[in-house]
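Grab a pencil and open the viewer. Below are some exercises on how the pieces of a structure sit together, each with a solution you can follow step by step.

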Amino acid sequence: MQHSIFIDSFFKPEIIERYAPDIARAMLVTIEVAVLVVVTGIALGLLLAVVRSFRLAPINFLIVIYVDGFRALPPLVLVLLVYFGLPNVGINLPSGAVLWLVLSLVLGAFAEEIFWAGILSVRKGQWEAARSTGLGFAQTLAYVILPQAIRLTVPPLTNRTIAITKNTALGSVIGVPEILNVATTTQSFVGNATPLTMGALAYVALFIPVVLFGRWLETRFAWRRA
Amino acid sequence: MAAAAILDVRALRKSFGTHDVLRGIDLAVAPQELVFMIGPSGSGKSTFLRCLNRLEEPTGGSIVVDGVDMMAPKTNLNAMRRRIGMVFQSFNLYPHMSALGNVTLALRKVLRMDASAADAAGLAALTRVGLADKARSHPAELSGGQQQRVAIARAIALEPKIMLFDEPTSALDPELRGSVLAVMRDLRASGMTMVVVSHEMRFAREAADRVVFLEEGAIVEQGPPGLIFGPEAGARTRAFVSEIGR
């Protein structure tokens, strides 16, 4: 029967039961890498945007080169380049560390650009009002500009963060035991697509809450604008 | 003119590229004096005010505030700026903070007051502008007139030596201007030294000690309001005043 062929190909109960623990372990790896990437990537982006706001020409030139380079290159190319390239210069990083490093640098590049756009979008009058009361440049940035800039960046930053953390699936090409890697390995072992279905469901289970959290953040950070 | 001027400006010049916005302004303001500046748009009034606390960098000339040379490299600009209150046409309140937060930010971060002292000083400033009951409101919850009064409170909480007003009522609907002008009158009565750029001619007539008419970056004429707004004023001044008065 058509129906049972479909079930047997994509949702075979014995396979689900047998490999669920493997997929669950892979989920933990994905979560671990994703959380680390979000923390370091956003921190790096914010730090660079703050540095950029001091408008030191040579430093900003370097920031722009980094940001544009990492936004232009496909993350898969970077993952392969770093993983297979670094050993040639005597640096051996575990595959998980390579994945974390590359995705953090990619998210950092996008986040810098988003934070920078947020900083620029705060009206000049805010700077002037703060400076006219005697606040210094860094104080104005910290207490007046960034709180407003960050609110403006929540929606684009959430979208970008979700897009880049999904790239943890690229770990499969360098042997990181994350969801996609475990799912494809298991799939070729059992000769059935059920492990891939389990992988897809694992991603949905992981990222639906993230998407909902992003939505909540957007409402939480929106404030009635004058 | 009293010997110890609070503000003493000499030969102030400002150019944007090849365009000379200020062409050598001399102005001394005595303690407790209210100087009112009028002039066509583009005459340099706002640029002049913004040069005084160096939000705008002057091209040349000297500015002395309360005996301190604002142009000297060793002058601590941040320390001086809190002695020069500034009120903007567009209020520029911090939208993410309550009215009290707006007023106390500099008290906490510049004067290093602890939270309770800053709140007390901030509430006192809000009381002076009649908005103590709005301390917890955010700017978006306040009318334009109330926002501008909070902005005035933010400046006076720092106990400035002089207050600069850059078209404080121009962004307000006519029915909201009165409350802001009333606060400015109170400030004047309390002895604050003020430089006001505005088109509120009635306020100038009633409250100004001196009216300065600026055109194309230079002072054309100055004197008590009775003179500037009267028949003895120069032809250009009279033309401008009648234009505004219509």
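**Exercise 1.** This is a predicted model. Find the hairpin that strand 4 and strand 5 of chain B form, and say how many residues lie between the two strands.

*Solution.* Start at the turn: 2 residues sit between strand 4 of chain B and strand 5 of chain B. One residue to look at there is B:D66, whose phi is positive, about 50°. Next, check the pairing: strand 4 (residues 60-65) and strand 5 (residues 68-69) of chain B run antiparallel, joined by 2 bridges.

**Exercise 2.** Work out how many bridges join strand 1 of chain B to strand 4 of chain B, and which way the two run.

*Solution.* Strand 1 covers residues 7-16 of chain B. Counting its bridges to strand 4 of chain B gives 5, and the two strands run antiparallel. To see a partner pair, click on B:R13: its bridge partner in strand 4 of chain B is B:G60.

**Exercise 3.** Decide how helix 7 and helix 9 of chain A are oriented to each other.

*Solution.* First get the geometry: the axes of helix 7 of chain A and helix 9 (residues 194-221) of chain A come within 9 Å and cross at roughly 170°. Now use the cut-off: angles over 145 degrees count as roughly antiparallel. Therefore helix 7 and helix 9 of chain A are roughly antiparallel to each other. Among the residues making this contact are A:P155 and A:T158 of helix 7 and A:G214 and A:F221 of helix 9. Sorted by class, the contact has 8 nonpolar, 2 polar and 2 charged residues.

**Exercise 4.** Which helix of chain A gives the most residues to the side that touches chain B?

*Solution.* Begin with the totals: 19 residues of chain A and 21 residues of chain B take part. On the chain A side, helix 6 (124-132) and helix 7 each give two or more residues. Helix 6 of chain A gives the most, with 6 residues. Finally, the chain A side splits into 7 nonpolar, 8 polar and 4 charged residues.

Note on methods
Residues numbered from 1 in each chain as written. Chains lettered and ligands numbered in written order. Predicted model: local features only at pLDDT ≥ 70, side-chain atom pairs only at ≥ 80, totals over all residues. Pairing = 2+ DSSP bridges. Helix = DSSP H or I, 4+ residues; strand = E, 2+ residues; numbered from the N terminus. Axes fitted to C-alpha atoms, helices over the stretch in contact; angles between N-to-C directions. Parallel < 35°, antiparallel > 145°, perpendicular 65-115°, else oblique. Contact = placed C-beta atoms within 7 Å. Nonpolar A, V, L, I, M, F, W, Y, C, P; charged D, E, K, R; others polar.
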